[in-house]
Amino acid sequence: MAFMADTAAGVRFTVLGPTDTVDDERVSEFYAYPDARPDRPAPGRCWVRGNMITSIDGAATASGKTARLGGPGDRTLFALMRYAADVILVGAATVRVENYSGAQMPVAQRNVRQRRGQAEVPPLAIVTRTGDLDPDARCFTRTEVPPLVFTCTDAYETTRSRLGAAAEVIDASGSATDSVDVSAVLAVLARRGLWRVLAEGGPVLLSQLITADLLDELCLTVAPYLVGGSGPRIVSGTGEVLTRMRPAHLLSDADGYLYTRYVRGT
């Protein structure tokens, strides 16, 4: 006879294991934004999806970069989520560390996006409090569409002067002129019809979205590695909240990666 602690009485556990293999079309359906589902957000409001990766011991990077944790499956879903998004939201530190370029879209996906009423290529939307970005960086020189650069009032003029025609610089301060308000960023994106937002980090930006209650879902890849050390988590900030999420799906692959998707829940 098996005994269980009183606190666990009535809890039902499910054994997860191989059930079936999904084709490319069905995987795309798993990552469709809610315009294809009943929980579509109200007009004028962005739907913000975070996409991050972590090791099984909680590290967000290995040797300082997320790419060291990734594998073929993770890279496939990374691209698929970009194909679905209207805009790719990212912090300036991540742009520098990961050496970002603009999004690359194959012809087939451009046609799909056109049929959905989207631009062929989603722009980068870079959040930077200081505006300290190099106009010769790949995000400005290897892109089909100029990035949107969201900065604060105090850094707006110098950022616009530094970047020139390489980007559209936007003042996204709230009440504090020395910081960027992520609510103001999303309000600008929503007004432009860029409501399918893909937030790729980094940890500070993701923390700001979470503490402002603006993250609608989190797609988290769990890489089958132990990293150790004192590297960062997927979030980094002083604010703390307790936001209930529910699992939408869990995928795996032959390399042992887990691909989770959590959405707002009760």
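This is a predicted model: local features need pLDDT of at least 70, side-chain atom pairs count only at pLDDT 80 or more; totals for chains, interfaces and linings use all residues.
View 1. Leucine 250 has its place in strand S8, which covers residues 245-252. The view also takes in threonine 260, which is ten residues away from leucine 250 in sequence and, C-alpha to C-alpha, 4.6 Å away in space.

**View 2. The largest pocket and its lining.** The volume of the largest pocket is about 1200 Å³, and 43 residues line this pocket, among which Thr66, Thr94, Glu98, Tyr100 and Glu200 are the closest to its centre. At least two lining residues come from each of strand S1 (47-55), helix H2 (72-84), helix H3 (92-97) and helix H8 (203-211). Helix H2 gives the most to this lining, with six residues. When the lining of the largest pocket is sorted by class, there are 17 nonpolar residues, 17 polar residues and nine charged residues.

View 3. The structure holds one cavity of 30 Å³ or more, and the space in the largest cavity comes to about 50 Å³. Helix H2, strand S7 (217-223) and strand S9 (258-264) each supply at least two of the lining residues, and H2 gives the most, with four residues. By class, seven residues of the lining of the largest cavity are nonpolar, three are polar and one is charged.

**View 4. Tyrosine 257 and tyrosine 259 as an aromatic pair.** The structure has a count of one aromatic pair. The ring centres of tyrosine 257 and tyrosine 259 are 6.2 Å apart and the ring planes lie at 5°, so the pair is stacked; the cut-offs that this reasoning needs are centres within 6.5 Å and planes under 30 degrees apart.

**View 5. Arginine 49 over the ring of tyrosine 33.** The charged end of arginine 49 sits over the ring of tyrosine 33, at 4.2 Å from the centre of that ring.

View 6. Strand S3 (residues 124-127) runs parallel to S4 and is joined to S4 by three bridges, and the bridge partner of alanine 125 in S4 is leucine 148. Strand S5 (residues 168-171) also runs parallel to S4, and four bridges join S4 and S5. Valine 149 stands opposite valine 169 in S5.

**View 7. A cis peptide bond at glycine 201 and glycine 202.** The peptide bond that joins glycine 201 and glycine 202 is cis, with omega at about 5°. Glycine 202 has its place in the loop between strand S6 (196-199) and helix H8.

View 8. Asparagine 99, a residue other than glycine, has a positive phi near 55° and is found in the loop between H3 and helix H4 (107-115). Asparagine 99 is partly exposed, and its relative accessible area is 41%. Aspartate 213 is likewise not a glycine, but has a positive phi of about 60°, and this residue is found in the loop between H8 and S7. Aspartate 213 is partly exposed, and its relative accessible area is 46%.

**View 9. Alanine 187 and cysteine 46, brought together from separate parts of the sequence.** Alanine 187 lies in helix H7, which covers residues 182-191, and is partly exposed, with a relative accessible area of 31%. In sequence alanine 187 and cysteine 46 are 141 residues apart, and in space they are 7.8 Å apart from C-alpha to C-alpha.

Notes:
Residues are numbered from 1 along each chain as its sequence is written. Side-chain values use heavy atoms; hydrogens and water are left out. On a 1 Å grid over the protein atoms alone, a cavity is a set of points where a 1.4 Å probe fits but cannot get out, and a pocket is an open set with protein on both sides within 12 Å along at least five of seven lines; lining residues have an atom within 4 Å of a point. Grid points are joined across faces, edges and corners, and a volume is the space filled by probe spheres set on the points. Ala, Val, Leu, Ile, Met, Phe, Trp, Tyr, Cys and Pro count as nonpolar, Asp, Glu, Lys and Arg as charged, and the others, Gly among them, as polar. Rings of Phe, Tyr and Trp (its six-membered ring) pair if their centres lie within 6.5 Å; planes under 30 degrees apart count as stacked, over 60 as edge-to-face and the rest as tilted. A charge sits over a ring if NZ of Lys or CZ of Arg is within 6 Å of the ring centre and within 35 degrees of the ring normal. Buried means under 20% relative accessible area, exposed over 50%, partly exposed in between (1.4 Å probe, protein chains only). Two strands pair if DSSP finds at least two bridges between them.
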